[in-house]
Every structure is written in structure tokens, then in C-alpha cells.
Amino acid sequence: MARLAAFDMDGTLLMPDHQLGERTLTALRALDEKGVLLTFATGRHWLEMQPLIADFKLKAYLITGNGTRVHDQQGNLLSACDLSPDVAEEVIHTHWDTTASLHVFNDDGWLTEFDVPHILHAHQMSGFRYQLADLKRLPAHMITKTCFIADHDELCQLKGQLEDALGDRAHICFSARDCLEVLPPGCNKGTALDSLSSSLGFTLADCMAFGDAMNDREMLETVGRGFIMGNAMSQLKALLPHLPVIGHCETQGVSHYLNHWLSTPNLAYSPEY
């Protein structure tokens, strides 16, 4: 019996329109009633997630910013990790060979230099949005993480540039096909979940987790039960071929699995695609 369940948001719990389906919400509440601790592990900002969870009327731990922040069910900060100032400054001040938009996150919110309104569609449920700012004027010691947004092929080329420049001073990964993250080294959803579960008195073996992108890799490969979404990035499926693939986020695949696990845990699972 899992004691904690960790869920990615976009591409996992949320449908393609970035809304939480009613079947999924019902399944999460049933899991909570069963005594399983809920944790939402996402690249989204804590300032966006905390009111969302309150609106859903769920008790949950929050791993936000792809592991850079962990909060308890009451909103108390449990752990924090930021980019080193030298890395933050290099990422922001270097002229990278890309047309990708650069976004910066700190405890005050989400900052970017130019208006890119089409990306706000993913945040329509919360109304959370970026603030326009001169990124080069931001204090480097107050930057949690950065990300670049563009089409996948362009980001793949940029990933090579960043890795050559930053080496092991940063953890670089895709949180979606169109979003490339620059995180503190050793900072990911897996290490954050390990720290959280230890503080609660159990291990990753007592946890289950669900995800769809490369920023979910460490979490999925270290928990007792990891599940990959049917709509997951092909790179993730290739790297973790031993993990079961469940349904698509469009059909609320997580709720389909949870309903099976809660009602008939001893029977083989057949995903609904």
C-alpha cells in the first residue's frame, strides 16, 4: 500500500486544455480519504499552486519549481534551493544563439522581458501570469530557476549550448516539449520527494508517482511505483522502459488508474487510451 502519491500537473493530472477534470478530482479525494498523502510535483510556482489546491479543497504537500521549493500542507516552507548567482548571471547575460524567450522565477513570482501572451493559456485556470522586467537588472542571488520557451527543435540546440557553458553547475531538462529548464545541480522532483518522504518517516519505496516529461524522470525512477502517461515524451518512455504506461491525460488517465487501484488493487491493470 502506497503511503504517498506524487503527481505532475501539466500533461499528467491536467487535460490538454490545462484544466483538472472532475473525474480526476474525485479520484484524488478518494485517495485522500484512503489515507494516502497527496503531493503535487510541478514546475509551476508555489504562488500559483497554493491557491489552486485550496480551490480544489485538497490537503496536499507541494513540490514546486521542479523541486526548488517544498511546502507542507499548511503552506510552511520545508526546503528551498536556488541557482548559484554566477550561473544565474551567466544564463541571463549571455547572448545565446536562439529566439527562445527567457523566463526567470524567484520568490516574488515569474518574470520575463517581452510580452508572450500565448503562453498564458496554460495558466488560465489560476490566472497566474508573468511580470515584465529588465532581467539583466535582477539581483543574481535572488533567482531560483530559469527556463526558455520555444519549439522543441530549437530548444534541443539551445540545450547543447547551455550544457557546454554550464557543465555540472546546473541541471538542464525539458519540463515540456516547448520548455527547457535551468535548475540548481542535484535539484529535481526526485530529490525533493526523497527529502519530503524522509521527513514524514518513510522512504521512496512507500511512494507512487505519475509523470509525462523529462523533469519527472528522477521521481519516476526512484519511487516504489512509477507510472508514465500515454502522452509522455518519447525520450522519457525510452529511458524508463520498465515502467508501466497508463492512459492519456486527455482521457483523465490518472483517474482511471487510481479508481482501479483503489477498488481492485490485486487485479492486472489495463489502461484506457
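How far apart do the C-alpha centres of domain 1 and domain 2 lie? In this predicted model, the protein chain is divided into domain 1, which comprises residues 4-80 together with 187-264, and domain 2, which spans residues 85-183, and the C-alpha centres of domain 1 and domain 2 lie 23 Å apart. The two domains meet through contacts that involve 24 residues of domain 1 and 23 residues of domain 2.

The largest nonpolar core holds 49 residues, of which Phe 148, Leu 155, Leu 158, Leu 162, Leu 166, Val 182 and Leu 193 touch the most other members. At least three residues of this core come from domain 1 (4-80 + 187-264), and at least three from domain 2 (85-183). For Leu 162, when neighbours within four places in sequence are left aside, the contacts are with Trp 96, Phe 148, Gly 167, Ile 172, Leu 180 and Val 182.

Attention then turned to the annotated positions. According to an unreviewed UniProt entry, the annotation "binding site" covers Asp 8, Asp 10 and Asp 212. Although these residues are spread over 205 residues of sequence, they cluster in space, the largest C-alpha distance among them being 8.3 Å. Asp 8, Asp 10 and Asp 212 are also included in the lining of the largest pocket.

Beyond residues up to four places away in sequence, Asp 10 touches His 18, Arg 44 and Asp 212. Asp 212, for its part, occupies the loop between strand S12 (207-211) and helix H6 (217-222); with a relative accessibility of 9%, Asp 212 counts as buried, since the cut-off for that class is under 20%. Setting aside neighbours within four places in sequence, Asp 212 is in contact with the annotated residues Asp 8 and Asp 10, and also with Gly 11, Thr 12, Met 229, Asn 231, Ala 232, Met 233 and Leu 236. With Thr 12, a polar contact of 3.3 Å is formed between the side chain of Asp 212 and that of Thr 12.

Conventions. Residues are numbered from 1 along each chain as its sequence is written. This is a predicted model: local features need pLDDT of at least 70, side-chain atom pairs count only at pLDDT 80 or more; totals for chains, interfaces and linings use all residues. Side-chain values use heavy atoms; hydrogens and water are left out. UniProt positions are given in the numbering used here, feature names are shortened, and annotations may be inferred rather than shown by experiment. On a 1 Å grid over the protein atoms alone, a cavity is a set of points where a 1.4 Å probe fits but cannot get out, and a pocket is an open set with protein on both sides within 12 Å along at least five of seven lines; lining residues have an atom within 4 Å of a point. Contact means heavy atoms within 4.5 Å. Helices (H or I, at least four residues) and strands (E, at least two) are DSSP runs, numbered from the N terminus. Buried means under 20% relative accessible area, exposed over 50%, partly exposed in between (1.4 Å probe, protein chains only). A polar contact is a pair of N or O atoms within 3.5 Å; within protein, one must be able to donate a hydrogen and the other to accept it, and residues adjacent in sequence count only if both atoms are side-chain atoms. A nonpolar core is a set of buried Ala, Val, Leu, Ile, Met, Phe, Trp, Tyr and Cys residues joined through side-chain atoms within 4.5 Å. Domain bounds come from an automatic or database domain assignment.
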